[in-house]
Amino acid sequence: MKSKRINIPIYDFRLDLLEVERSEDVVLLAKFFKGVRLDDEISLEILEAVKDGDVDGGWTLANLGIKRILVVLLKMRTEEQRRKVLAHEKRHVEDDILEHCHVNDKEAAAFLAGYLGKFMY
């Protein structure tokens, strides 16, 4: 499993990007979920998808109270599919942050998109 931590200092958020590479990554993912106290229905759904070998999907989970966001990408069939799913999840990250911080400004949204693009791709 690939993992990347991205700090977003202007909004004081932390983003963890986890990319599943094989179904055996379910063990590492379960440890990560336990470490961040994520044991809800969605996390179980993700673990089941990984265990089953599902592909070409992703989730964005946000705990806005502690300004933490988690993006999980399943194994992808192609790099093109990875970019498509990652862009989709990146948009959820942007929307969650901007909504939580009550930012309704196109230029601020564009700056955040550029910043995240620098680190997520």
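Which residues touch the most other members of the largest nonpolar core? The legends below begin with that core, in a predicted model.

**Figure 1. The largest nonpolar core of the model.** The core holds 19 residues, and Ile8, Tyr11, Leu15 and Ile97 touch the most other members. Five elements each supply at least two of its residues: S1, S2, S4, helix H3 (79–100) and helix H4 (106–120). H3 gives the largest share, 5 residues. In soluble globular proteins, nonpolar side chains tend to be buried together.

**Figure 2. Ile97 and its contacts.** Leaving out residues up to four places away in sequence, Ile97 touches Ile8, Tyr11, Phe13, Ile69 and Leu112.

**Figure 3. The hairpin of S1 and S2.** Strand S1 (residues 2–8) runs antiparallel to S2, and 7 bridges join the two. Asn7 stands opposite Arg14 of S2. The hairpin has 4 residues between its strands. In the turn, Asp12 has a positive phi of about 60°. Of the 7 residues of S2, 6 are buried, so the strand is largely enclosed by the rest of the structure.

**Figure 4. S2 beside S4.** Here the strands run parallel: 6 bridges join S2 to strand S4 (residues 68–73). Leu17 has Val71 in S4 as its bridge partner. Salt bridges link Arg5, Asp16 and Arg68 in a network.

Figure 5. S4 is mostly covered, with 6 of its 6 residues buried. Arg68, Leu70 and Val72 point one way from the strand. Ile69, Val71 and Leu73 point the other way. Both sets are buried.

**Figure 6. The hairpin of S3 and S4.** S3 and S4 run antiparallel and are joined by 6 bridges. Gly58 has Leu73 in S4 as its bridge partner. The hairpin leaves 4 residues between the strands. Lys67, in the turn, has a positive phi of about 55°.

**Figure 7. The loop around Ser23.** Ser23 sits in the loop between strand S2 (13–19) and helix H1 (26–35). Is Ser23 buried or partly exposed? Ser23 counts as partly exposed, because its relative accessibility is 30%. Not counting residues up to four places away in sequence, Ser23 touches Val50 and Lys51. Phe119 lies 96 residues from Ser23 along the chain, and their C-alpha atoms are separated by 25 Å. Glu24 counts as exposed at 52% relative accessibility. Arg22, at 45%, counts as partly exposed.

Figure 8. Glu48 pairs with Lys51 in a salt bridge, with the closest N and O atoms 3.8 Å apart. Why are Glu48 and Lys51 separated by about one helical turn? They are 3 residues apart in helix H2 (residues 41–51), which means a separation of about one helical turn. Glu48 has 38% relative accessibility and counts as partly exposed. Side chains of opposite charge can pair when their charged atoms come close.

**Figure 9. A salt bridge between two loops.** The side chains of Asp56 and Arg77 meet in a salt bridge at 2.8 Å, N to O. The pair links distant parts of the chain, 21 residues apart. Asp56 is in the loop between H2 and strand S3 (58–63), and Arg77 is in the loop between S4 and H3. Asp56 is partly exposed, with a relative accessible area of 22%. Arg77 is exposed, with a relative accessible area of 66%. The count of salt bridges comes to 9.

**Figure 10. Lys90, a buried lysine in H3.** Lys90 has its place in helix H3. Its relative accessibility is 9%, so Lys90 counts as buried. The cut-off for that label is under 20% relative accessible area. The side chain of Lys90 reaches the backbone oxygen of Ala113 at 3.3 Å. Which residues is Lys90 in contact with, leaving aside its neighbours within four places in sequence? Those residues are Ala113, Leu116, Gly117, Met120 and Tyr121.

How values were computed:
Residues are numbered from 1 along each chain as its sequence is written. This is a predicted model: local features need pLDDT of at least 70, side-chain atom pairs count only at pLDDT 80 or more; totals for chains, interfaces and linings use all residues. Side-chain values use heavy atoms; hydrogens and water are left out. Buried means under 20% relative accessible area, exposed over 50%, partly exposed in between (1.4 Å probe, protein chains only). Contact means heavy atoms within 4.5 Å. Two strands pair if DSSP finds at least two bridges between them. A nonpolar core is a set of buried Ala, Val, Leu, Ile, Met, Phe, Trp, Tyr and Cys residues joined through side-chain atoms within 4.5 Å. A salt bridge is a side-chain nitrogen of Lys or Arg within 4 Å of a carboxyl oxygen of Asp or Glu. A polar contact is a pair of N or O atoms within 3.5 Å; within protein, one must be able to donate a hydrogen and the other to accept it, and residues adjacent in sequence count only if both atoms are side-chain atoms.
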